[in-house]
Amino acid sequence: MSGGRDMGGDAREDGAGEGAPSAPGSSGASGGADSGAGVGAGTEGAAGAGGNGAAGAGVAAGAGVPAAGVAAGPTADTVTVEARPEVRSLAELEQRAAAGRNGAVYGQDSLITCDRLVRIFTADGVEVQALQGLDLLVGKGELMALVGASGSGKSTLLNILAGLDVPTAGAASVGGYDLLAMDAAARLRYRREVVGFVWQQTARNLLPYLTAAQNVVLPMQLAGRSGLRAKRQRSARAGELLDMLGVGYCRDRRPGQMSGGEQQRAAIAVALANNPSVILADEPTGELDSATGEQVFASFRTANEELGTTVVVVTHDHAVSGAVQRTVAIRDGRTASEVVRRTEVDEHGQESVVAREYATVDRAGRLQIPRDYTEALDIRSRVLLELEPDHIGVWPDRPEE
Ligand SMILES: Nc1ncnc2c1ncn2[C@@H]1O[C@H](COP(=O)(O)OP(=O)(O)OP(=O)(O)O)[C@@H](O)[C@H]1O
Ligand SMILES: [Mg+2]
């Protein structure tokens, strides 16, 4: 959230179109399109409350059927709807709703698609809903971080994406593999060829009795051909990968003869051995000091830039989450918000990183309001919403004075 507060008036691209959902971090940005400002304005007087009876009804309809809410909710005094000629017949709305339900459309350009993913664990007769309808799209070639409180579901999600666990409901696919429908053979192929995994515990990533190079060769052996030529190629590739990640000098050392950071970088080489589309890492720098953690993260960046590998890192490390293009926050088993960073050049040629925090709107139109916002305005079970031309106002439900 801190990244969002110093962004200043980044209105050129982010203003009108994204004003409504970009609540959390954009309070420093320009004017009234922010929900922060919207809320402030709405609490000023009776005008906000007066309009809200009707608006509230519209929202209630909108929550179930987002597309229809726009048409059904507004009353004659809402400018927006009058200015929206595209929403007309019932047939048209039905068509829109059908298109929205079509899973094939959602995420069709993404490498990773999670669609309303649910994972329920049952332990001693008690159900834990680790993932509660999580939506996530990750594009090919992205380097992104997942953050969230302990128990929010990060490792559960990563294990599903790694093909190690199967969701209870929903849909998930990676590189065209349907993670719910794979048979044992496809699952094995998927884990060998499509994903690489790096664990937090350095000891879990490498076999202790093999050298770094032998560890990198092993997954290639399991997936590959036999013969002397293939063997030489594997050995050469292992050396290249270790060199690329800055640990070529460790190739003939066993893990016990390497530092934690060196082991993690060798582990990235192992994960890359079969040239996977995506590398998943669960707190890979969690056991390291910050300087070593940075070196390890630099290796992920190298893999991403040099090989085009998509990288998804779960992390508590702010140095890592602050250095990626996109950081998605998970709360209570759902994606709640995301910070997107991009480099901009001002009129003096000065480069700076501009970060914006967005609240996630899921496929059912649900939005999580950040806890500090709900607490600041004492928002409990419901709010009043009002659709404006370029934003949505959110008002706490106060008893009539
Ligand atoms: N195998 C399991 N059996 C029962 N409950 C589980 C299992 N794995 C995870 N959980 C529960 O699911 C929830 C999410 O766990 P998860 O490990 O995904 O959290 P996390 O975000 O990775 O947390 P941390 O930051 O502490 O690693 C927790 O409430 C956890 O207790
Ligand atoms: Mg975890």
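Helices (H or I, at least four residues) and strands (E, at least two) are taken here as DSSP runs, numbered from the N terminus. Counted in that way, the protein has 16 helices and 13 strands. The model is predicted, so local features need pLDDT of at least 70 and side-chain atom pairs count only at pLDDT 80 or more, while totals for chains, interfaces and linings use all residues. Residues are numbered from 1 along each chain as its sequence is written, and chains are lettered from A and ligands numbered from 1 in the order in which they are written.

Of the 401 residues in the protein, 38% are buried. A residue is buried if 20 or more other C-beta atoms, placed from the backbone, lie within 10 Å of its own, exposed if 12 or fewer do, and partly exposed in between. Two residues are in contact if their C-beta atoms, also placed from the backbone, lie within 7 Å. Among contacts between residues at least 6 apart in sequence, 62% join residues at least 24 apart.

Ligand 1 is a place to begin. The residues around ligand 1 (C-beta atom within 6 Å of the molecule) are Phe-121, Ala-123, Val-128, Ala-130, Gly-148, Ser-150, Gly-151, Ser-152, Gly-153, Lys-154, Ser-155 and Thr-156. Strand E1 (112–123), strand E2 (126–138) and helix H8 each supply at least two residues of this shell, and H8 gives the largest share, three residues. By class, the shell has four nonpolar, seven polar and one charged. Here Ala, Val, Leu, Ile, Met, Phe, Trp, Tyr, Cys and Pro count as nonpolar, Asp, Glu, Lys and Arg as charged, and the others, Gly among them, as polar.

Helix H8 (residues 154–161) is largely enclosed by the rest of the structure, because six of its eight residues are buried. The buried residues are Lys-154, Thr-156, Leu-157, Leu-158, Ile-160 and Leu-161. After H8 comes Gly-163, with a positive phi near 80°. Strand E1 also contains Arg-116, which has a positive phi of about 50° although it is not a glycine. Arg-116 counts as buried because it has 20 C-beta neighbours inside 10 Å.

With helix H14 (residues 290–307) the angle is about 20° and the axes are 8 Å apart. This makes H13 roughly parallel to H14, a term for angles under 35 degrees. Axes are lines fitted to C-alpha atoms, for helices over the stretch in contact, and angles run from 0 to 180 degrees between N-to-C directions. By class, the contact of H13 with H14 has six nonpolar, six polar and one charged residues.

Helix H11 (residues 212–223) packs with H13 at an angle of about 25°, the axes being 7 Å apart. That makes H11 roughly parallel to H13. Ala-212, Asn-215, Val-216 and Pro-219 of H11 make the contact with Ala-266, Ala-269 and Val-270 of H13. This contact has six nonpolar, one polar and no charged residues.

The loop between H13 and strand E7 (278–282) holds Asn-275. Asn-275 has a positive phi of about 55° although it is not a glycine. With 15 C-beta neighbours inside 10 Å, Asn-275 counts as partly exposed.

Methods. Angles under 35 degrees count as roughly parallel, over 145 as roughly antiparallel, 65 to 115 as roughly perpendicular and the rest as oblique.
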